[in-house]
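User: Hi! Could you help me see how the labels for a protein model are decided?

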Amino acid sequence: MSLPACPQCRSEFTYEDAENYLCPECAHEWPRTAPVEADEARRVVRDAVGKVLQDGDTVTLVKDLKVKGSSSVVKVGTKVKNIRLVDGDHDIDCRIDGIGAMGLKSEFVKKM
């Protein structure tokens, strides 16, 4: 089993100590498994003007949207409460009064 080189000085003479790797040449110490930061693990969803969206936010539509499979149209300015962020081609799951459950793309909404 080969140990990783030191990320600071690139020395190959690293060794393990408890839960860390150590470099004897520059005294750099780093964890064996690099923790994933919460910001990197979580996807950031932004609205049409760049504000960060979160679950439970209230948004308004910035464009008329046709409802797929229906002749209905959701008009610009329609208020959507309590959104839920999801992964996929549509970023937002929500319920719109008079229409029902719907998936929206974040580029067509503005946070209130």
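Analyst: Gladly! Let's start with Y21: its relative accessibility is 10%, and buried means under 20%, exposed over 50% and partly exposed in between, with a 1.4 Å probe and protein chains only, so Y21 counts as buried. This is a predicted model, where local features need pLDDT of at least 70, side-chain atom pairs count only at pLDDT 80 or more, and totals for chains, interfaces and linings use all residues. Residues are numbered from 1 along each chain as its sequence is written, and side-chain values use heavy atoms, leaving out hydrogens and water.

User: Is W30 buried or exposed, and how do you know?

Analyst: W30 has 14% relative accessibility, so W30 counts as buried too.

User: What makes the pair of Y21 and W30 tilted?

Analyst: The search of the whole structure finds one aromatic pair. Rings of Phe, Tyr and Trp (its six-membered ring) pair if their centres lie within 6.5 Å; planes under 30 degrees apart are stacked, over 60 edge-to-face, and the rest tilted. The centres of Y21 and W30 are 5.7 Å apart and the planes are at 40°, so this pair is tilted.

User: How do you know that β2 and β3 pair?

Analyst: Strands are DSSP runs of E with at least two residues, numbered from the N terminus, and two of them pair if DSSP finds at least two bridges between them. Three bridges join β2 (residues 20–22) to β3, and these strands run antiparallel. One of the bridges links N20 to P31 in β3.

User: Why are β1 and β3 called edge strands?

Analyst: In the open sheet, the order is β1-β2-β3, and β1 (15–17) and β3 (29–31) each pair on one side only.

Conventions. Helices (H or I, at least four residues) and strands (E, at least two) are DSSP runs, numbered from the N terminus.
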